[in-house]
Amino acid sequence: MTNIEVLSDHPTYKPDLTAMRDTVRSIQDAMELSAIELIIIFVDDAHLQNLHSTYLDDDSLTDIMTFNLSDDDVEGEIYISVDRARDNAAVYDVNYEQELCRLIIHGLLHLNGHDDASPAERQKMLELEDFHLTNSLPEDWLKTFTHQAS
């Protein structure tokens, strides 16, 4: 069984980490993603921008970065900017929780071998994200993303 950790290094976003882990496992199972370890880390814009600059030599803001730490198996870290997710939700007129979930799915798709370098690949990933948002989430997934008081 995959070891799944969910962490929040964001100064204000504190989800139910246990329920979040269960949601990630549900999506992973639906994707049939075989992994040794998955770590989802919620961060702020500054943290992710620093990673983006360090690893991709790009100082722009981004909403997600995914790293597979192994050459042989999937040992993934997914960093998600809560700030970008909030802004993206407003731009795309979706609820904030749905956008966070889409980003988790996006990262898991990368770990499962999908890429989004070309327009055709981006379209395919968007279709897969939509599919998993509709079909792969536990019934009570929304409570997973509810902000907990610190």
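**Notebook: a threonine, a helix and a pocket**

I began with Thr54, where a polar atom of the side chain lies 2.9 Å from the backbone oxygen of Asn50. I count a polar contact as a pair of N or O atoms within 3.5 Å, where within protein one must be able to donate a hydrogen and the other to accept it, and residues adjacent in sequence count only if both atoms are side-chain atoms.

A note on the source: this is a predicted model, where local features need pLDDT of at least 70, side-chain atom pairs count only at pLDDT 80 or more, and totals for chains, interfaces and linings use all residues. Residues are numbered from 1 along each chain as its sequence is written, and side-chain values use heavy atoms, with hydrogens and water left out.

Thr54 lies in helix α2 (helices are DSSP runs of H or I, at least four residues, and strands runs of E, at least two, numbered from the N terminus). I found Thr54 exposed, at 52% relative accessible area (exposed is over 50%, buried under 20%, partly exposed in between, with a 1.4 Å probe and protein chains only).

Next I looked at α5, where Met125, Leu128, Glu129, His132 and Leu133 are buried. They cover an arc of only 135° around the axis, so they sit on the same side of α5 (the arc is that of the directions from the helix axis to the C-beta atoms). Pro119, Ala120 and Thr134 are exposed on the other side of α5.

Last, I checked which helix gives the most to the lining of the largest pocket. It is α4, with five residues. A pocket here is an open set of points on a 1 Å grid over the protein atoms alone, where a 1.4 Å probe fits, with protein on both sides within 12 Å along at least five of seven lines; lining residues have an atom within 4 Å of a point.
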